[in-house]
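Here are some friendly notes to read alongside the model.

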Amino acid sequence: MTERLDHFMGRAVAAYYARAATPFGRAGDFTTAPEISQAFGEVLGLWAAIVWDQMGRPDPVLLVECGPGRGTLMADALRAVGEVAAPFRQAARVHLVETSPSLRAAQQRMLGDSVAGWHDDLSTVPAGPMLLLANEFLDALPIRQFIRRGEVWLERHVADGAFVERAADSPPPLPPTAPEGAVQEVGEAAQGWAASLARRIAAQGGAALMLDYGPAASAFGESLQAVRGQATGLDPLADLGSADLTAHVDFAALARVAVNQGAAVGGPLPQGLFLQRLGLMSRAAALAQARPRLAGEILSGVERLVAAEGMGRLFKALAVCDPALPTLPGFEPA
């Protein structure tokens with residue numbers, strides 16, 4: 001059986017999340033920002049509260065998270081806004097976009113009655129103004145890979161556990177020239193998601209914040225990786241569903257798609273800069289002062305989120321919003 005890489009990746013990711021009981025955290029396969037520091041979810045919740053105020057305080061407003069993991073980010077966000085932005089908390093209706101039954105169960109345990117509904121995709125989220133958060137969601141969406149061979153682009157497929165190159169099947173627009181052997185990754189699934197999101201926001205109001213890893217500018221190169229047991233560099237074609245498959249997000253392409261659908265964009269910015277602008281370090285310092293025994297762990301965790309050698313440079317923040325809104329918090333000009 002031979003199939004396109006994006007089809008294989010889609011099957012592998014679906015199989016992984018269907019069988020992985022606890023993929024997140026130190027005991028799982030990988031650790032995301034909400035698992036590293038509670039301050040991450042708290043400042044994102046407060047970001048949403050400020051944007052809600054910029055929107056004119058619609059009541060109700062949909063607070064949506066795509067790829068919510070165990071519900072950690074949303075739990076931290078709701079706790080923070082409940083303490084300092086009670087009107088927003090009262091207006092917010094939480095909806096989660098999650099396809100994994102096991103993760104939905106974990107989110108139910110974490111968030112309880114706070115969740116108004118779960119959805120397989122954005123299409124069934126109720127109409128209305130929306131604030132959406134998506135942390136490390138886009139990197140798991142399938143990608144296509146094209147390889148320059150002579151004067152043509154071939155497409156990477158998977159056959160019998162190995163990569164093979166075939167004539168491209170309905171390829172998207174590709175650069176007319178490229179070095180021999182250059183790889184062009186195209187995230188059609190992510191771009192389709194961004195287009196639908198931007199159309200909705202332009203028509204119904206709101207904003208979305210995406211944090212993920214990838215370059216700020218589109219470039220050649222291959223980034224597909226398999227992650228398991230906190231280890232990378234694994235064979236992404238081995239034992240389908242045994243590891244999480246991810247790839248870098250093409251933020252520039254997503255921004256172009258969003259603008260073409262009538263939305264405005266902010267960024268992409270390095271995650272470290274964005275989080276520092278939101279006051280992550282001040283919040284972490286307050287947590288460390290309140291919990292002196294855990295101060296070292298708290299401060300080292302946020303340092304990992306913002307430091308260039310950690311997640312601060314590779315990870316980016318991109319916002320999509322209603323063009324009528326002012327500059328969103330964290331995206332102010334330097």
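1. Let me start with helix 8. Seven of its 10 residues are buried, so helix 8 is largely enclosed by the rest of the structure. Buried here means under 20% relative accessible area, with exposed over 50% and partly exposed in between, using a 1.4 Å probe and protein chains only. The buried residues of helix 8 are Phe251, Ala252, Ala253, Leu254, Ala255, Val257 and Ala258. Their cover includes helix 7, strand 10, strand 14 and strand 15. After helix 8 comes glycine 262, with a positive phi near 95°. Helices (H or I, at least four residues) and strands (E, at least two) are DSSP runs, numbered from the N terminus.

2. A word on the basis of these notes. This is a predicted model, in which local features need pLDDT of at least 70 and side-chain atom pairs count only at pLDDT 80 or more, while totals for chains, interfaces and linings use all residues. Residues are numbered from 1 along each chain as its sequence is written, and side-chain values use heavy atoms, with hydrogens and water left out.

3. Seven strands make up an open sheet with mixed pairing, in the order 4-3-2-5-10-15-14; two strands pair if DSSP finds at least two bridges between them. Strand 4 (115-119) and strand 14 (264-270) are at the edges with a single partner strand each, so one side of each has no neighbour in the sheet. From one strand to the next, the twist averages 15°. Helix 8 (residues 251-260) packs on this sheet, where it touches strand 10, strand 14 and strand 15 (315-321), and its direction makes about 0° with that of strand 15. For such angles, axes are lines fitted to C-alpha atoms, for helices over the stretch in contact, and values run from 0 to 180 degrees between N-to-C directions. Contact means heavy atoms within 4.5 Å.

4. Strand 2 (residues 61-66) and strand 3 (residues 92-97) run parallel and are joined by six bridges. Valine 61 stands opposite alanine 92 of strand 3.

5. Now the cores. A nonpolar core is a set of buried Ala, Val, Leu, Ile, Met, Phe, Trp, Tyr and Cys residues joined through side-chain atoms within 4.5 Å. The largest one has 53 residues, of which Leu44, Trp47, Phe88 and Leu131 touch the most other members. Helix 3 (residues 38-54) gives this core its largest share, nine residues. Leaving aside residues up to four places away in sequence, leucine 44 touches Leu73, Leu133, Leu209, Leu211, Phe274, Leu275 and Leu278. Another core, of 30 residues, lies apart from the largest one and has Leu62, Leu141, Ala208 and Leu254 among its members.

6. How many aromatic pairs does a search of the whole structure find? There are six. Rings of Phe, Tyr and Trp (its six-membered ring) pair if their centres lie within 6.5 Å; planes under 30 degrees apart count as stacked, over 60 as edge-to-face and the rest as tilted. One of the pairs joins phenylalanine 137 and tryptophan 193, tilted at 55° between the planes and 5.4 Å centre to centre. This pair links distant parts of the chain, 56 residues apart: phenylalanine 137 is in the loop between strand 5 (130-135) and strand 6 (144-149), and tryptophan 193 is in helix 7 (residues 188-204). Phenylalanine 137 is buried at 17% relative accessible area, and tryptophan 193 is buried at 11%.

7. A further ring pair is tryptophan 153 with phenylalanine 220: the centres are 6.2 Å apart and the planes at 35°, so this pair is tilted. Tryptophan 153 is buried, at 12% relative accessible area, whereas phenylalanine 220 is partly exposed, at 39%.

8. Finally, some backbone details to check. Most residues other than glycine have a negative phi, and most peptide bonds are trans. The bond from aspartate 59 to proline 60 is cis, with omega near 5°, and proline 60 lies in the loop between helix 3 and strand 2. Glycine 267 and proline 268 are also joined by a cis peptide bond, with omega about 10°; proline 268 belongs to strand 14. Aspartate 160 has a positive phi of about 50° and is exposed, with a relative accessible area of 77%.
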